[in-house]
Amino acid sequence: MKFFVDTADIGEIRRALAWGILDGVTTNPSLVAKTGRRFEDVKREILALCHGPVSLEVTTEDEAEMIAQGKALAAEGPQVVVKLPLTRAGIAACKALTDLGIKTNVTLCFSANQAILAAKAGATYVSPFVGRLDDISMDGMALIEDIVQIYRNYGFTTQVLVASVRNPVHVLQAARIGADVCTVPYGILDSLFNHPLTDSGNAKFMQDWKKVPE
Ligand code: E4P
């Protein structure tokens with residue numbers, strides 16, 4: 001399973017890259033707004049840092065404008081993935097950009113039928129939002145199971161990118177199901193390292209090493 005970090009914060013991306021386990025980055029307009037910085041600056045810095053897939057989202061609801069923005073974003077670097085909403089316009093724009101050879105990530109997916117539409121439009125990735133479904137008492141990870149199964153039934157090549165991840169158990173469940181990618185907020189990615197037995201075991205090794213004669 002590939003790990004993307006779900007952030008527009010340059011410091012977080014830099015730190016996650018330094019671990020050597022990061023495959024890419026996903027952003028969205030809310031994450032960019034949270035930085036308080038200009039999109040142009042944030043985008044330039046992310047693309048300079050990360051050579052794996054970087055999802056950059058369109059900021060219009062109009063199909064023609066989505067296609068124009070998608071083309072412009074894709075021209076910024078080979079790693080750019082154009083993020084489009086799962087709307088009628090977004091799916092049509094996905095098909096048009098796919099036909100031009102541009103990579104796409106269809107976001108705001110909340111049902112298996114929507115995921116079928118994304119696959120039919122040739123999306124490179126589909127982003128089902130598990131946390132937001134859990135928030136309304138639905139089973140986000142059950143949606144991932146459904147999509148993985150349906151894509152397998154038909155040999156769809158669209159990659160299932162688990163999004164709206166809220167905790168480390170979501171990451172574990174995504175891996176168990178066999179999702180292609182999990183995009184994880186920095187804090188949760190960081191927490192994957194933690195285990196009390198690793199800490200105590202390492203402390204003991206360090207302590208015992210001091211007893212070894214030189
Ligand atoms: C996906 O790519 C989105 O950026 C993100 O995962 C949304 O998560 P949220 O529900 O925490 O906003």
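Predicted model: local features only at pLDDT ≥ 70, side-chain atom pairs only at ≥ 80, totals over all residues.
Reader: Fine, so how do the axes of H1 and H3 lie, and at what angle do they cross?
Author: The axes of helix H1 (residues 10-18) and helix H3 (residues 39-49) come within 10 Å and cross at roughly 5°, and H1 and H3 are therefore roughly parallel to each other.

Reader: Which residues make that contact?
Author: From H1 the contact takes Ile10, Ile13, Arg14 and Leu17, while H3 supplies Val42, Glu45, Ile46 and Leu49; sorted by class, that gives six nonpolar and two charged residues, with no polar ones.

Reader: Switching to the strands, what do they form?
Author: Eight strands make a closed barrel in the order S1-S2-S3-S4-S5-S6-S7-S8, and the pairing is parallel. On average, neighbouring strands of this sheet are turned by 30° against each other, if direction is ignored.

Reader: How many bridges join S2 to S3?
Author: Strand S2 (residues 24-26) and strand S3 (residues 54-57) run parallel and are joined by two bridges, and Thr26 has Ser55 in S3 as its bridge partner.

Reader: And which strands does H8 touch?
Author: Helix H8 (residues 140-154) packs on the sheet and touches S5, S6 and strand S7 (159-162), with its direction making about 170° with that of S7.

Reader: Which helix gives the most to the lining, and what is the lining like by class?
Author: Helix H2 (residues 29-35) gives the most, with four residues, and the lining as a whole has seven nonpolar, nine polar and seven charged residues.

Methods:
Residues numbered from 1 in each chain as written. Heavy atoms only, no water. Nonpolar A, V, L, I, M, F, W, Y, C, P; charged D, E, K, R; others polar. Pairing = 2+ DSSP bridges. Axes fitted to C-alpha atoms, helices over the stretch in contact; angles between N-to-C directions. Contact = heavy atoms within 4.5 Å. Parallel < 35°, antiparallel > 145°, perpendicular 65-115°, else oblique.
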